[in-house]
Amino acid sequence: MGVAFSYVLNGKGWAECQIDVDGAHLFMRASHLSDAFDEIVRATLSMIVNGSVETAIFNDEPGTYRWRLTPAGDRLNIRIVSYDEPFARETDPTGCLSFDATCRLRTFAGAVLAAGQQLRATHGEDGYAAQWGHPFPNAPLEHLKQALRKG
């Protein structure tokens, strides 16, 4: 199963994110209103270490993307619901299922790790913080790398 995940800073306080899983595709924008990349890294780490269901929030202006990450053994279901307003709650009636796909958990985790490594190589930790407005998630990214190595 093919998985591609990208997270690219494209202006002060703005990022573009794309996810592709076997032909299912979603493009999202995120603003500095949430620390979106940190959230997806921490959620991914928690799934790998604890096998827990996780949520990550990407706020746009306006809008929200709520990721629901549900691991089951070596598989992962990714559901992303989009909302019209920033900071929308899960019960917000404007929610619309925008993405629903299943892949290998470790493949997704590897794609998130690779996106983080690309961000660090492109911007450096200080450059990332200056452009994004939040610190680079170095510790959780390194923990994710270690967890993937353990196997």
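In this predicted model, Arg120 comes out as partly exposed, at 22% relative accessibility. Its side chain meets that of Glu142 in a salt bridge, with N and O 3.1 Å apart. Glu142 is partly exposed too, with a relative accessible area of 25%. Arg120 belongs to helix H2 and Glu142 to helix H3 (residues 138-150), so this pair ties together parts that sit 22 residues apart in sequence.

Another one joins the side chains of Arg29 and Asp60, at 3.9 Å from N to O. Here Arg29 sits in strand S3 (residues 24-31) and Asp60 in the loop between S4 and S5, so the bridge ties together parts that are 31 residues apart in sequence. Asp100 counts as partly exposed at 39% relative accessibility, and Arg79 is partly exposed at 34%.

Strands S6 and S7 bring us to the sheet. Four strands make up an open sheet, lined up as S4-S5-S6-S7 with antiparallel pairing. Strands S4 (54-59) and S7 (96-104) stand at the edges with a single partner strand each, so one side of each has no neighbour in the sheet. From one strand to the next, the twist averages 15°. Within the sheet, S5 (residues 64-72) and S6 (residues 75-83) run antiparallel and are joined by nine bridges. One of the residues involved is Ala72, whose bridge partner in S6 is Arg75.

Now for the helices. H1 lies across S4, S5 and S6, running at about 170° to S4, while H2 lies across S5, S6 and S7 and runs at about 110° to S7. The two helices also pack against each other: H1 (residues 36-50) and H2 (residues 105-132) meet at an angle of about 145°, with their axes 10 Å apart. H1 passes H2 in a left-handed crossing. On the H1 side, the residues in contact include Phe37, Ile40 and Met47, and those they meet in H2 include Phe108, Leu119 and Trp132. Sorted by type, the residues of this contact divide into 14 nonpolar, two polar and one charged.

Definitions and conventions
Residues numbered from 1 in each chain as written. Predicted model: local features only at pLDDT ≥ 70, side-chain atom pairs only at ≥ 80, totals over all residues. Heavy atoms only, no water. Axes fitted to C-alpha atoms, helices over the stretch in contact; angles between N-to-C directions. Left-handed = near helix turned anticlockwise from the far one by under 90°. Contact = heavy atoms within 4.5 Å. Nonpolar A, V, L, I, M, F, W, Y, C, P; charged D, E, K, R; others polar. Pairing = 2+ DSSP bridges. Salt bridge = Lys/Arg side-chain N within 4 Å of Asp/Glu carboxyl O. Buried < 20%, exposed > 50% of the residue type's maximum accessible area, 1.4 Å probe, protein only.
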